[in-house]
Amino acid sequence: MGRRFFIRTYGCQMNGHDSELMESILLDHGFLRADSEDAASVVILNTCSVREQAERKAIGRLQALAWRKAAEKNFYFGVAGCMAQNLGKELFCRVPALDFAIAPGRIRSVAEVLKRLENGEKQIFLPNEEGETFVNGSIDFCRRKITRVSAFVSIANGCNMNCSYCIVPKTRGREVCRSMDSILREVQFLVEKGVSEVTLGGQIVNFYGIRKIPFVNGKSPFVQLLEKVHAVDGLERIRFLSPHPSGFRDDLIDCYANLPKLCPHVHFPIQSGSDRVLRAMRRPYTRQMALNVLHKLRRNVSLMAISTDLIVGFPGETEEDFRQTEQLFDEIDFDMAFVFKYSPRAGTQAAAMDNQIPGSVCEERNQILLKKLAVTSLRRNQLFLNSQQPVLVEAPSTKDPRVLWGYTPHHKKVFFSASEKLIGKIVPVKISYITTCALNGVLENG
Ligand code: SF4
């Protein structure tokens with residue numbers, strides 16, 4: 001019988017996708033999935049390096065696994081993902097019992113690494129290699145195990161920007177894009193397997209192919225890709241994550257009117273409302289440029305849902321800078337916002353800036369925005385009260401299996417009572433009750 005493995009995933013959707021890929025490869029090589037870490041003889045932590053806290057947590061977990069290795073002869077454990085690239089061989093000093101570390105661009109070698117360990121090799125490290133940083137999901141997509149009606153499709157990996165607070169360009173390397181053809185084949189494959197919704201993903205999706213593929217009739221390569229994905233028969237919904245504010249032009253805004261499958265929700269990571277802070281972050285847009293895009297989206301698209309990422313307490317952020325972020329927050333009425341208290345990330349330019357903001361100030365600013373968010377998200381959800389929404393049904397609720405949940409096109413989570421037979425279908429739900437984080441309703445014609 002094959003060895004059992006367990007993969008624990010930290011961080012973003014790209015990591016989730018990479019874990020799926022490793023899982024498919026291991027299953028293909030005769031390994032078996034374990035339901036828990038304890039039941040596995042191979043444990044992989046697929047890690048995130050965006051915040052130091054996440055790395056500390058993963059190291060703690062690895063140290064616990066090292067104890068297990070001391071007691072179990074045939075047990076292997078290792079690190080995949082951004083932390084493997086960021087800390088490199090240092091990982092083996094911090095956790096001497098560690099068996100392997102595989103950078104994001106090399107995860108397709110996971111089965112081979114395990115084989116080498118079984119043959120007696122020790123402490124295997126596979127860093128990213130120039131030109132090999134892209135994990136080409138297209139090659140392996142037919143191994144994907146489809147677990148949801150909504151699937152993430154990686155279209156690019158890595159990032160060529162140089163935001164002063166971000167470690168991603170170091171861990172995932174320079175941007176590499178997949179060909180449109182391979183992306184379309186994967187979408188087609190997913191639809192054939194019952195997927196109704198795809199999220200096109202990458203560090204900066206709207207810069208997809210910008211240096212390689214020419215504009216056609218003023219349309220960027222990303223817009224051309226959206227049009228092609230839209231034409232896939234049987235696909236119901238398209239989302240993308242994340243765009244860069246500076247690459248959001250009219251050809252993309254027009255897609256919301258021209259492509260009915262494109263969902264009326266955008267995640268727009270604005271980071272700050274102050275031009276001074278945006279410059280220090282090395283974000284190449286101004287507050288006004290971002291506002292122009294967001295206002296245009298709200299004007300052109302009915303009830304356009306907007307979510308964002310914001311960092312508070314970036315080095316040098318003054319009261320006036322923060323006030324501008326507050327104003328922007330009030331002006332846009334975000335449906336959702338992920339507010340991060342800035343914390344220095346070793347290896348980034350911002351960590352070396354000398355005007356770091358005290359933690360107590362970061363916390364205070366964080367609380368101010370979270371309070372605002374509670375008000376704006378409730379107000380935005382209120383707009384859907386008593387309306388009928390098409391809900392793509394995902395799964396039963398963990399609290400009550402008689403209650404199902406799914407998402408509206410505006411990416412509002414909806415709970416309603418119905419039979420599990422509806423999972424995977426788009427059904428009409430009348431919204432009768434709302435909270436800040438979800439809508440609740442009644443199945444119509446049910
Ligand atoms: S755009 Fe900036 S924040 Fe986003 S991944 Fe690239 S460097 Fe990091």
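**Notes on the model**

1. Let me start with Glu 121, which counts as partly exposed because its relative accessibility is 35%. Here buried means under 20% relative accessible area, exposed means over 50%, and partly exposed lies in between, with a 1.4 Å probe and protein chains only. The side chain of Glu 121 meets that of Arg 116 in a salt bridge, at 3.0 Å from N to O. Arg 116 is partly exposed too, with a relative accessible area of 26%. A salt bridge here is a side-chain nitrogen of Lys or Arg within 4 Å of a carboxyl oxygen of Asp or Glu. Elsewhere, salt bridges with shared partners join Arg 298, Asp 335, Arg 380 and Lys 412 into one network.

2. A word on the ground rules: this is a predicted model, in which local features need pLDDT of at least 70 and side-chain atom pairs count only at pLDDT 80 or more, while totals for chains, interfaces and linings use all residues. Residues are numbered from 1 along each chain as its sequence is written, and side-chain values use heavy atoms, with hydrogens and water left out.

3. How many salt bridges does the rule give? The count comes to 31 salt bridges. One of them pairs Glu 23 with Arg 33, whose closest N and O atoms are 2.6 Å apart. Glu 23 lies in helix H1 and Arg 33 in strand S2 (residues 32-33), so this pair ties together parts that are 10 residues apart in sequence. Helices (H or I, at least four residues) and strands (E, at least two) are DSSP runs, numbered from the N terminus. Glu 23 is partly exposed at 22% relative accessibility, and Arg 33 is partly exposed at 39%.

4. Another salt bridge links Arg 68 and Glu 72, with the closest N and O atoms 2.8 Å apart. Is Arg 68 buried or exposed? Arg 68 is buried, with a relative accessible area of 15%, whereas Glu 72 is partly exposed at 32%.

5. Helix H1 covers residues 13-28 and also holds Ile 25. Ile 25 counts as buried because its relative accessibility is 3%. From C-alpha to C-alpha, Ile 25 and Arg 249 are 38 Å apart in space, and 224 residues separate them in sequence.

6. Now the ligand. Which residues surround it? They are Cys 159, Met 161, Cys 163, Tyr 165, Cys 166, Val 168, Pro 169, Gln 203, Ile 204, His 244 and Arg 283, where a residue is near a molecule if one of its heavy atoms lies within 4 Å of it. This shell divides into 8 nonpolar, 2 polar and 1 charged; Ala, Val, Leu, Ile, Met, Phe, Trp, Tyr, Cys and Pro count as nonpolar, Asp, Glu, Lys and Arg as charged, and the others, Gly among them, as polar. Cys 163 is buried at 9% relative accessibility.

7. On disulfides, the count comes to 0, with a disulfide taken as a pair of cysteine sulfur atoms within 2.5 Å. Cys 82, for instance, is in no disulfide, and the nearest cysteine sulfur, that of Cys 48, is 6.3 Å away. Cys 82 is buried, with a relative accessible area of 8%.

8. Finally, Phe 340 lies in strand S14 (residues 336-341) and is partly exposed at 33% relative accessibility.
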